[in-house]
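Biologist: Before I use any of these terms in class, I want to know what stands behind each one. Please take me through them.

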Amino acid sequence: MSAAYRVENRSSGLAARSEPRAAWRRGYDEVRSETERRAAPLTAEDQVIQSMPDASPIKWHRAHTTWFFEHFLLLAHAAAYGQFDQRFGYLFNSYYVAAGPRHARPKRGLITRPSAAEVGDYRAHIDDAVRRLIDCAGPEQLCEVRRILEIGLNHEQQHQELMLTDILQSADSRSVVRTWAHRRYSLATLFGSIPSRIITANVPSRFARRTAGHRRHS
Ligand SMILES: [Fe+2]
């Protein structure tokens, strides 16, 4: 069982928030790398597909989960943090009204820029800043940092599940299936690789309410 899941699975109590900084860094890295692992077999073009209004492009999932850490963690708690791109808040906010206006959900497939590569740069920028914050936050600040970090990791794992369903929806397109076949990558391989802990995750009750409505509002 991974460090990330131990942190997440115990997050309903104080134990998770008292984990050492190194455990939170490992947990953060594990969840973030899982998102990239799921996107890796897709081309940049694959990642822009929005096959139906309720689905989201894979590139958008990668950016939105990153924006969540930037907006709610770094901009709020990392004094020296330099924002990657002020325009990303509009593009990658989902339904957080207090966080400002947002791009229309049914039109997320029209977001051709930033590119998939630039979203990768965005993710790397945020990852570096989050790791620094975990390492450098003072003892009092660290408690709040861990609380938001915990929410962000649960949020990203929710989107990892949505990525799989959205990829499956996109697979109705023969061109997408051919692309995956060419890369010797099949849906069976993708879904067969889901860690059982993702399916059986014990979501803390205070997040469960958000999870219940998340598919509609992602
Ligand atoms: Fe979300």
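What follows is a talk about the labels used for this predicted model.

Biologist: What makes up the protein, in helices and strands?

Modeller: The protein has 11 helices and 0 strands. Read from the N terminus on, the elements run α-α-α-α-α-α-α-α-α-α-α.

Biologist: Why are H3 and H7 called roughly parallel?

Modeller: Helix H3 covers residues 21–39 and helix H7 covers residues 139–170; their axes cross at roughly 20° and come within 10 Å. Angles under 35 degrees count as roughly parallel, so H3 and H7 are given that name. The crossing of H3 past H7 is left-handed.

Biologist: Which residues of H3 and H7 meet?

Modeller: On the H3 side they include Trp24, Tyr28, Val31 and Arg38, and on the H7 side they include Arg146, Leu149, Leu153 and Leu164. By class, the contact of H3 with H7 has 7 nonpolar, 4 polar and 5 charged residues.

Biologist: What makes H4 and H7 roughly antiparallel?

Modeller: Helix H4, residues 58–77, packs on H7 at an angle of about 170°, and the two axes are 9 Å apart. Angles over 145 degrees count as roughly antiparallel, and H4 and H7 are therefore placed in that group. Their contact has 11 nonpolar, 8 polar and 3 charged residues.

Biologist: How do you know that H3 and H6 are roughly antiparallel to each other?

Modeller: H3 and H6 pack at an angle of about 165°, with axes 9 Å apart. The cut-off for roughly antiparallel is an angle over 145 degrees, so the term applies to H3 and H6. H3 passes H6 in a right-handed crossing. The contact is made by Arg21, Trp24, Arg25, Tyr28 and Arg32 of H3, together with Asp127, Val130, Arg131, Ile134 and Asp135 of H6. These residues divide into 4 nonpolar, no polar and 6 charged.

Biologist: Why is leucine 168 called partly exposed?

Modeller: Leucine 168 has 14 C-beta neighbours inside 10 Å. A buried residue needs 20 or more, and an exposed one has 12 or fewer. The count for leucine 168 is in between, so the label is partly exposed. Leucine 168 has its place in helix H7.

Biologist: How far apart are leucine 168 and serine 51, in sequence and in space?

Modeller: Leucine 168 and serine 51 are 117 residues apart in sequence, but their C-alpha atoms are 9.9 Å apart in space. Across the protein, among contacts between residues at least 6 apart in sequence, 73% join residues at least 24 apart.

Biologist: How much of the protein counts as buried?

Modeller: Of its 218 residues, 33% count as buried. In soluble globular proteins, nonpolar side chains tend to be buried together.

Biologist: What makes up the largest nonpolar core, and which residues touch the most other members?

Modeller: This core has 25 residues, and Ala63, Leu74 and Val130 touch the most other members. At least two residues come from each of H3, H4, helix H5 (88–92), helix H6 (116–136) and H7. H6 gives the most, with 8 residues.

Biologist: Which residues is valine 130 in contact with, leaving aside its neighbours within four places in sequence?

Modeller: Valine 130 is in contact with Tyr28, Phe69, Leu73 and Leu74. There is also a second, separate core of 6 residues, among them Ala39, Leu42, Leu162 and Ile167.

How values were computed. Residues numbered from 1 in each chain as written. Predicted model: local features only at pLDDT ≥ 70, side-chain atom pairs only at ≥ 80, totals over all residues. Axes fitted to C-alpha atoms, helices over the stretch in contact; angles between N-to-C directions. Helix = DSSP H or I, 4+ residues; strand = E, 2+ residues; numbered from the N terminus. Parallel < 35°, antiparallel > 145°, perpendicular 65-115°, else oblique. Left-handed = near helix turned anticlockwise from the far one by under 90°. Contact = placed C-beta atoms within 7 Å. Nonpolar A, V, L, I, M, F, W, Y, C, P; charged D, E, K, R; others polar. Core = buried A, V, L, I, M, F, W, Y, C linked by C-beta atoms within 7 Å.
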